[in-house]
Amino acid sequence: MRSALGALPLSIFLFVAVPCFSQGTTSDADFTTAVATEETVEMGKENVTSTSYPDLIPMEATVLVIETSDAVVEQNVTIGNPASIELKCNFSTTRHPQFVYVYWKKGDYRINKTSGVRVFEDVMQAHIRLMITDKMDMDSYSCVFEGIKERKGTFHFKVPEVYTKEKPLVNYERDSAVLNCNSKNYVPLEWKWYASNGSEKVPIDLTMKNKYEILPSKHNETKLKIKHLQSTEGGLYWCRAIFLLGESEGKQNLRVLSYLVPLKPFLAVTAEVVLLVTGILLYELYTKRRQMPSGGKDFEQAEHLKSEDHNGVQKNNQTTRHRKSEVTVNLSSN
């Protein structure tokens with residue numbers, strides 16, 4: 001009989017060991033991985049409590065996993081300082097909890113750490129408390145429910161983001177520019193600045209006081225002043241926030257323009273006006289030249305008529321004088 005029991009799979013013992021839950025009651029049960037294999041991660045803080053780190057910030061995060069939904073369930077969790085965080089996965093299912101097995105993973109590996117389960121009517125809640133005290137703890141954690149189908153919810157631990165202006169900062173040569181970064185409600189240990197040099201980030205030498213200056217600001221922001229700008233200093237600038245649990249970066253684009261740049265639109269408009277006026281003048285000159293031949297003939301004809309009229313008047317005057325002279329001669333002869 002003992003040999004038969006010894007041959008039973010370990011999963012049956014786990015199934016029997018799971019306490020029976022009744023709807024409408026709240027109870028706890030511990031689920032642990034059976035044996036630590038190469039796919040199992042030892043958290044290393046099994047006996048660590050919040051009293052071991054009195055400065056740990058209490059936190060919690062919750063996701064809802066639905067058995068009948070294929071949607072990916074994920075949540076980003078921002079952690080700026082060491083914290084004691086409780087992760088909760090609410091699993092909506094119509095199955096009895098004893099037919100659902102749940103475990104936790106860090107990245108792709110199972111966590112060898114005790115977790116708990118609570119039942120609230122038709123919702124099964126898996127919960128685990130983690131002490132996040134260094135960079136190695138910043139990872140993705142998942143609760144995995146094995147039932148009819150495998151379902152999981154994932155928490156992505158991230159350090160606070162760094163925020164900058166999305167639009168490029170435009171300045172002119174020989175002016176000064178002020179670059180700004182902030183981490184909103186989180187205070188980093190240190191700020192660092194870098195300039196892009198191709199694909200590399202070059203640390204800015206803040207000892208060059210005649211070129212760079214860190215302006216006074218709040219603890220959650222940094223301001224870099226660049227003096228005597230040159231056209232070659234345009235490009236991306238990076239600010240890096242150093243936290244206890246990791247680092248975060250932000251970037252800002254600086255454009256350095258020549259003083260001739262604002263004049264370009266004016267010069268372009270002036271050039272267009274000059275071309276337009278020149279075109280109008282040329283067109284008028286061309287039109288007048290085309291009209292000159294016909295106008296010249298009319299002028300010559302008018303002059304010719306005037307000369308003819310003048311000659312006719314002179315002839316009439318001479319004829320009249322000749323007649324008068326003849327009359328005078330006739331009278332004198334009589």
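A salt bridge here is a side-chain nitrogen of Lys or Arg within 4 Å of a carboxyl oxygen of Asp or Glu. With that in hand, open this predicted model: the rule gives a count of nine salt bridges. Let's visit some of them.

**First stop: Glu86 and Arg118.** Select this pair and look at the closest N and O atoms, which are 3.8 Å apart.

**Next: Lys227 and Glu213.** In this salt bridge the closest N and O atoms are 3.4 Å apart. Lys227 is in the loop between β17 (221-226) and β18 (235-243), while Glu213 is in strand β16 (residues 212-215), so the pair ties together parts 14 residues apart in sequence. Glu213 is partly exposed, at 31% relative accessibility.

**Then: Glu247 and Arg240.** Pick these two, and you will find their closest N and O atoms 3.9 Å apart. Glu247 is partly exposed, with a relative accessible area of 43%; Arg240, at 19%, counts as buried because the cut-off is under 20%.

**Last stop: a nonpolar patch.** Select Val269, Val273, Val277 and Leu281, which together put about 340 Å² of accessible area on the surface. Leu281 belongs to helix α3 (residues 263-333), and this leucine is exposed, with a relative accessible area of 53%.

Conventions
Residues are numbered from 1 along each chain as its sequence is written. This is a predicted model: local features need pLDDT of at least 70, side-chain atom pairs count only at pLDDT 80 or more; totals for chains, interfaces and linings use all residues. Side-chain values use heavy atoms; hydrogens and water are left out. Patches are made of residues with over 30% relative accessible area and no salt bridge: like charges are joined within 9 Å, nonpolar side chains (Val, Leu, Ile, Met, Phe, Trp, Tyr) within 5 Å. Accessible areas come from the Shrake-Rupley method with a 1.4 Å probe; for residues, only the protein chains shown count as cover. Helices (H or I, at least four residues) and strands (E, at least two) are DSSP runs, numbered from the N terminus. Buried means under 20% relative accessible area, exposed over 50%, partly exposed in between (1.4 Å probe, protein chains only).
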